[in-house]
Amino acid sequence: MISRKWILVTHQLRFKQAGEYTSVVYADFPFFLVQDRQDNINGFPVCRHRAYPIVETQSGKARILSCKYHGWSYGFKGNVTKAGFIWVNLQGKCGRRLLNWLAK
Ligand code: FES
């Protein structure tokens, strides 16, 4: 069970440039913090596809956030920018539903 209390994980001064990240594990819950291009610090858990870790080192600087398992990529705000698969629909009219599904 995860506490509802705020937890102190790091200091803002640790982030100086877009793409700098730091990993945190709290109560067996892994997540990481990354600075975006607007100097916001955003937090994410694991890959949305199959929950593989997106960053695998304690800290660093990434040009892109890419899951090494199947190649999904994320922007620094957590948006999916590339899914490593090519999707087809044999009925030819379900593209919007795929994007909605990927956004979940
Ligand atoms: S688990 Fe991340 S792309 Fe599949």
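Which residues is Phe-76 in contact with, leaving aside its neighbours within four places in sequence? That was my starting point today, working in a predicted model.

**Entry 1, Phe-76.** I looked up the contacts and found Ala-18, Gly-19, Val-34, Gln-35, Asp-36, Arg-37, Asn-42 and Leu-65. Then I checked the largest nonpolar core, and Phe-76 is one of its 11 residues. Val-34 and Leu-65 belong to that core too, and both were on my contact list for Phe-76. Other members include Tyr-21, Ile-54 and Trp-72. I also asked which strand gives the core its largest share, and it's strand E2, residues 29-35, with 3 residues.

**Entry 2, strand E2.** Next I followed E2 to its partner. E2 runs antiparallel to strand E3 (residues 41-44), and 4 bridges join the two. Gln-35 had already turned up as a contact of Phe-76. E2 and E3 form a hairpin, with 5 residues between them. In the turn I noted Asp-39, which has a positive phi of about 70°.

Is Thr-10 buried or exposed? I got 12 C-beta neighbours inside 10 Å, so Thr-10 counts as exposed, given that the cut-off for exposed is 12 or fewer. Thr-10 sits in the segment before strand E1 (20-26). Not counting residues up to four places away in sequence, Thr-10 touches Thr-22 and Leu-33. I looked at Leu-33 again: 23 residues separate it from Thr-10 in sequence, and the C-alpha to C-alpha distance is 9.4 Å. Leu-33 is also on the list for the largest nonpolar core.

Definitions and conventions:
Residues numbered from 1 in each chain as written. Predicted model: local features only at pLDDT ≥ 70, side-chain atom pairs only at ≥ 80, totals over all residues. Buried ≥ 20, exposed ≤ 12 C-beta atoms within 10 Å, placed from the backbone. Contact = placed C-beta atoms within 7 Å. Core = buried A, V, L, I, M, F, W, Y, C linked by C-beta atoms within 7 Å. Pairing = 2+ DSSP bridges.
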